[in-house]
Amino acid sequence: MGKIFKNMLPYWKSVIVILVLLIGQAWCDLALPQYTSDIIDVGIQNNGIEHILPEKITAEEYSLAQIVMTDDEKSKWLSVYDEDGEYYSLNVSKDKELDELDDSFILPVIMNYRLSMTEEASFRQMLIAQQPDVSSEIINNMTIEQIGEMMKVELKPFTREIENEDGKTVEVTCVDIRPLLGAMLQGGKINTSDILAMRDSLEKTVNTMGSQLMKSTGVAYAAACDSAAGIDIEKTQKSYLWASGARMLAVALLMGIISVGVGFVASRVGAGVGRDLRRKTFDRVISFSGAEMDKFSTASLITRSTNDIQQIQMVTAVFLRMLLYAPILGIGGIIKVSETGAGMGYIIVIAVVAILAVVMALMIIAMPKFKLMQKLVDALNLVSREILTGISVIRAFGREKQEEQRFEKANKDLTSTMLFTNRVMTFMMPMMTIIMNGLSVLIVWVAAHKIDEGSMQVGAMTAFITYTMQIVMSFLMITMMSIMLPRAAVSAERIDEVLKTDSSVLDPENPKALTSDKGVVKFENVSFRYPGADDDVLHNISFTANPGQTTAIIGSTGSGKSTLINLIPRLYDVTEGKITVGGEDVRNLKLKELRDGIGFVPQKGVLFSGTIASNLRFGNQDASDDEIAHAATIAQAADFIEEKPEKYDSPISQGGANVSGGQKQRLTIARAIAKNPNIFIFDDSFSALDLKTDAALRKALNKEVKDSTVIIVAQRISTILHADNILVLDKGSIVGSGTHEELLKNCEVYRQIARSQMSASELGIEEGGSENE
């Protein structure tokens, strides 16, 4: 995993920005459930009233409310209200102070509310107990008004709707008995201790109500007082709902903006990581010698540079967007849940354990297949590349069906693995849905009992469900990332393997510069063995190629000709001995300086997408139009170029697919000539040319490169007849060296090659085998 995260280090500032934005997003996300709860509990159920103390109160209620208060409560009550004409107005507006007042006055407020709405039956029973000298029959037969006249106070009965035990709504008659208590208190029929006794009795009843029901009862008292004082409760409710809705909308919009910002920055970081990895991988692959290129297949390097990097890029963006957000949201959700005091934390634990169990089971089943998937992508790319590059050979040999079967097998292997992982992972969403729905049902069931007990309100239950889902979703995000990360970790490992592979051909620490005789190439007892091989491919090779001379190398297939010339530009390094250019060991020269002085024409002509001119300038970007035209003339390519409508601006498709093999070879030769190097290396570069073009090209080339060192690898004797020195390779060793005539005399291997291609009369030897004198 560290290999994935280290790629983000250059973007640490962006990561910090993302972290700050995610904290802001989590704050918004966690604020919305509380707003929903407040809208339900305060806005709808409590008419938009948040606290139990009335904002405005009548003078009569101001006095009556103090009957059931202690001396301390009376003192505080008097301090928080100011006289406002015939009303009293609350002089406290800060929420923190109002919360403290709610706690201080909850009992007297509830008691006032209860006494102000005493049911008629309860009132008559209390009166009978307080008036033993009046028979119960008389009291029961009197109206409320008559009782008031008897007690010398004004009592006004009123009706209100309540739910009975059967759940039906019924009307009951109620009366505010506080004026009566005040009169009895003043008349000495009851004293303060009686009031406190009533208060203690009521407190025991109130304590069984639950905190939320107590708060609702207190708010109901405030609403009744505000309404009596002329405040429009409906307007208050609408104002609260509009304000809360506006705040919710603002928070939602802010969260949306932050989310877009996080996505934007995370995508840029992911894209930047992908860009950096592609650049690093490409730079490293470009620096590889043949040994490293042999270690990694081309198909594998393509997969690593594309699919693997894409995996890391995607996971980086998702990590910054989801995995960083998950713990912030989860921790915030836990804090919010604890603040609700709902006492249902164990439900969250059950849900998280269930989710982890499901995800772990799925991971154990699917993880091995995820690791196998990248290897199968490699295999599919390898088969696809081989088939597409060798399509002409496949058709020529009628192997279409067999190759289709080979591709089908690689495709089926990858498809079956992907289907297996996808089918396993399809179980996740249904299982998560079941857990989520089951969790919601469990919360509602438990919360319903708490609501019935008065310890929780409906809005609080809604908020708890939302917070719980947020916590569970945060764990789900983490587990989802835990599924994606292993596959990305495999990709990161594969890319890191490329980046940590140092080229065996490197610039020297203290490079030397070429000063003179830049074209002299000398092999001194050179042996070479491919990495991992048991035997040498070249044995004790020694020769010198001088400027102005043509050195040819010929031998049977597999004799080591191409390997030998690949050592000069250091595509590989020698195992033993040394190669010097201009008197300096090539390993002591900077690779750029060494290769700038070499015009290399490979055995297989390679052209790049672009134009003819861009390909001819590949080794010399500063070459003028005249210079590339001259190079094309020498390479016998000018004729077919001039025949094209766009001439040197004619397009070349990828790999030179829109030109013939002979044209491709001539263009690669012209490319080397346009570079004007000190050393020309032609690796069997004339094989696709007809004899006439071959002869004309070599004739023109000899005039042009007379001051350069020319090394030609050839299969045809006619190509090297006039070479100044011909090296004959057999099984990695030089078995002959000299001119054509000398080798015919003293080299049996050369003589066999020559006889296989030319007649005895053309070679100037008798049928018996000896050369004509």
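Modeller: Aspartate 724 is partly exposed, with a relative accessible area of 40%; buried means under 20%, exposed over 50%, and partly exposed in between, computed with a 1.4 Å probe on protein chains only. The model is predicted, so local features need pLDDT of at least 70 and side-chain atom pairs count only at pLDDT 80 or more, while totals for chains, interfaces and linings use all residues. Residues are numbered from 1 along each chain as its sequence is written, and side-chain values use heavy atoms, with hydrogens and water left out.

Aspartate 724 sits in the loop between α28 (717-720) and β17 (725-730). Helices (H or I, at least four residues) and strands (E, at least two) are DSSP runs, numbered from the N terminus. The side chain of aspartate 724 reaches the backbone nitrogen of threonine 550 at 2.7 Å. This is a polar contact, that is, a pair of N or O atoms within 3.5 Å; within protein, one must be able to donate a hydrogen and the other to accept it, and residues adjacent in sequence count only if both atoms are side-chain atoms. Not counting residues up to four places away in sequence, aspartate 724 touches Gly548, Gln549, Thr550 and Thr739, where contact means heavy atoms within 4.5 Å. Alanine 552 is 172 residues from aspartate 724 along the chain, yet their C-alpha atoms are separated by 7.9 Å.

At 1% relative accessibility, serine 559 counts as buried. Its side chain reaches the backbone oxygen of serine 556 at 2.7 Å. Leaving aside neighbours within four places in sequence, serine 559 is in contact with Leu538, Leu729, Asp730, Lys731 and Gly732.

Helix α21 (residues 561-566) holds threonine 563. With a relative accessibility of 9%, threonine 563 is buried too. The side chains of threonine 563 and tyrosine 530 make a polar contact of 2.8 Å. Beyond four places in sequence, threonine 563 is in contact with Phe528, Tyr530, Val537 and Leu538.

Strand β8 (residues 538-545) includes serine 542. Serine 542 is partly exposed, at a relative accessible area of 36%. A polar atom of the serine 542 side chain lies 2.7 Å from the backbone nitrogen of asparagine 525. Apart from residues up to four places away in sequence, serine 542 touches Phe523, Glu524, Asn525 and Ile734.

Asparagine 525 belongs to strand β7 (residues 521-528) and is partly exposed at 46% relative accessibility. Most residues other than glycine have a negative phi. Asparagine 525 has a positive phi of about 50° although it is not a glycine. Asparagine 540, in strand β8, also has a positive phi of about 50° without being a glycine. Asparagine 540 is exposed, with a relative accessible area of 51%.

In helix α24 (residues 625-634), Ile628, Ala631, Ala632 and Ile634 are buried. They cover an arc of only 160° around the axis, which puts them on the same side of α24; the arc is that of the directions from the helix axis to the C-beta atoms. The face turned away from this buried side carries the exposed residues Asp625 and Asp626. The cover over the buried residues of α24 includes α23 (612-616), α25 (638-642), α26 (661-675) and α27 (691-704). Just after α24, glutamine 636 takes a positive phi of about 60°.

Helices α26 and α27 pack at an angle of about 0°, with axes 13 Å apart. Axes are lines fitted to C-alpha atoms, for helices over the stretch in contact, and angles run from 0 to 180 degrees between N-to-C directions. The two helices are therefore roughly parallel to each other; angles under 35 degrees count as roughly parallel, over 145 as roughly antiparallel, 65 to 115 as roughly perpendicular and the rest as oblique. Arg666, Ile669 and Ile673 of α26 meet Thr693, Leu697, Leu701 and Glu704 of α27.
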